[in-house]
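Here is a guided walk through a structure. Start with the place where two chains meet, then look inside.

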Amino acid sequence: MFEHTAAAAKMTTRQLAVRYGDKPALKGVDLDIPAGDVTALIGPSGCGKSTFLRCLNRMNDTIAGATVSGKATLDGEQIYGPGGIDPVLLRARVGMVFQRPNPFPKSIYDNVAFGPRLHRLAREGEEMDAVVRSALERAGLWDEVNDRLEEKGTGISGGQQQRLCIARAIAVEPEVILMDEPCSALDPIATARIEELIDELRQSYTIVIVTHSMQQAARVSQFTAFFHLGEIVEVGATEKIFTAPANALTQGYITGRFG
Amino acid sequence: MPHIVKSFDAELAKLEDALSRMGGLAEAQLDAAIRALEKRDSELAARVVSDDAQVDACETFIGEQAIKVLALRAPVANDLRTVVSALKVAGEIERIADLAANGAKRSLVLSQLPALKPMHSVIRLGRLAQEMVKDGLDAYLGRDAERALAVRERDQELDDVYSSLFREILTYMMEDPRTITPCSHLMFIAKNLERIGDHATNISELTYFRVTGAAVTGERPKKDNSSFVGTESE
Ligand SMILES: Nc1ncnc2c1ncn2[C@@H]1O[C@H](COP(=O)(O)OP(=O)(O)OP(=O)(O)O)[C@@H](O)[C@H]1O
Ligand SMILES: [Mg+2]
């Protein structure tokens, strides 16, 4: 009945735990993130979804007081510990899109070119132009902004800004894209565009998305993990989770009985 | 556990109440149809025929209510299964009541003609079907998967009674061709009752799905074998 089975894991976590000061936020999470699929993370506010997401590209390192323990891998390589992937490189391979569109106060062009410049992926001029154009095209934004690439990235609509942020994330050719509630500030049409984009992007990338919209999780993901109080309660094919979840807590949450 | 949004529970309760009412109506229709047949009560039979519209109205209401809940609440998990199975169960109940009304229509003709001996067996078949419907609906409304499976098991018994009844009526017609008209009606009534058992079985399977989220596995009970009568050498 549930046809979708996981491909090889692109990323894994084992006993991944995070504390802020002495307050535990994640309590030993084991998760396999399948390659080339969209994995949705759902759960009540404060359950640790964003914390978990930030572990996947070491964004927690930048938060004072945050300590991470346990293991995480990307293509089998350790992310933490001595011999772990260099964090700057890691963030190029595992990109992130945030809840509020956060373009830099620079031109649309410079927003997209930022990563490729940082990682010296393309030379200025024609080569960079092509990288910018390709990223904007894949983010479904090229047709709307190609005649105003020099205008400020902050001067376009919220939905366009979010697609600009996605263009910025994919311009460095990441392998994984993390999205933390990418549509929460968008109207239904802009949301639908992003969801369509996610569906297209999953041909080339592995995507992990945090969302508070059960319908969005159901629409865009192939796998869903339900977090509660810093732990994963249930993970499985999205179709299974939304038609016949195995765990009573999962069912209670997705049907709007608690949370 | 109730929903945080109380009106969601109220909408689901409306659906459940309507199903319960519809099920009760269909059971009463079936009971009246069997009594009308047994007692040769034309007045009662006529009432069954005209009351069928009430069951249809229930189905329409449940259809509208289910679509409303789907559109406005986007139910998932057990809520989704509740709404989808309510739609389907309403369809099954509508068929049950329709078959009962059809039987009542035929019993209007039968009560104008001389009584037939196989009638007793048809009544027995009717009581069996009636029990299956009652237990099937009770299991659904009580969300009792075990009881639903037990109902499903009983379908074979009904099929067996029907098959032997088929032969009995056939023999009766062969012995006295003047009974062919009433016997044909009786045969159709018997077939209706057998099919009512199938609908009760479907309700049981929907109950199982609603409660567990899984389809019933394992062989569906064997069907009646009356379709082979005449092919074997006797
Ligand atoms: N920078 C921080 N400093 C201290 N505590 C934090 C910090 N960030 C998160 N927390 C705490 O860690 C826990 C998990 O927070 P997190 O942001 O991961 O939850 P979340 O599931 O993303 O919630 P939401 O759905 O509201 O975004 C919460 O109890 C939160 O208060
Ligand atoms: Mg968060």
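Buried area is the accessible area (1.4 Å probe) that two parts lose on being put together, summed over both. Chain B and chain A bury about 1,200 Å² between them. Carbon and sulfur atoms carry 56% of that area.

This is a predicted model, in which local features need pLDDT of at least 70, side-chain atom pairs count only at pLDDT 80 or more, and totals for chains, interfaces and linings use all residues. Residues are numbered from 1 along each chain as its sequence is written, and side-chain values use heavy atoms, without hydrogens and water.

Contact means heavy atoms within 4.5 Å. Here 14 residues of chain B and 13 residues of chain A take part. The interface holds one salt bridge (a side-chain nitrogen of Lys or Arg within 4 Å of a carboxyl oxygen of Asp or Glu). Asp79(B) and Arg257(A) form this bridge, at 2.9 Å from N to O. On the side of chain B that touches chain A, helix 3 (residues 77-110) gives the most, with five residues. Helices are DSSP runs (H or I, at least four residues), numbered from the N terminus.

Now look inside. A cavity is a set of points on a 1 Å grid over the protein atoms alone, where a 1.4 Å probe fits but cannot get out; lining residues have an atom within 4 Å of a point. The largest cavity has a volume of about 100 Å³, a volume being the space filled by probe spheres set on the points. Of its 13 lining residues, those closest to the centre are Ala33(B), Ile34(B), Gly103(B), Ile189(B) and Leu193(B). Helix 1 (6-39), helix 3 and helix 6 (180-212) of chain B each supply at least two residues of the lining.

Technical notes. Chains are lettered from A and ligands numbered from 1 in the order in which they are written. On a 1 Å grid over the protein atoms alone, a cavity is a set of points where a 1.4 Å probe fits but cannot get out, and a pocket is an open set with protein on both sides within 12 Å along at least five of seven lines; lining residues have an atom within 4 Å of a point.
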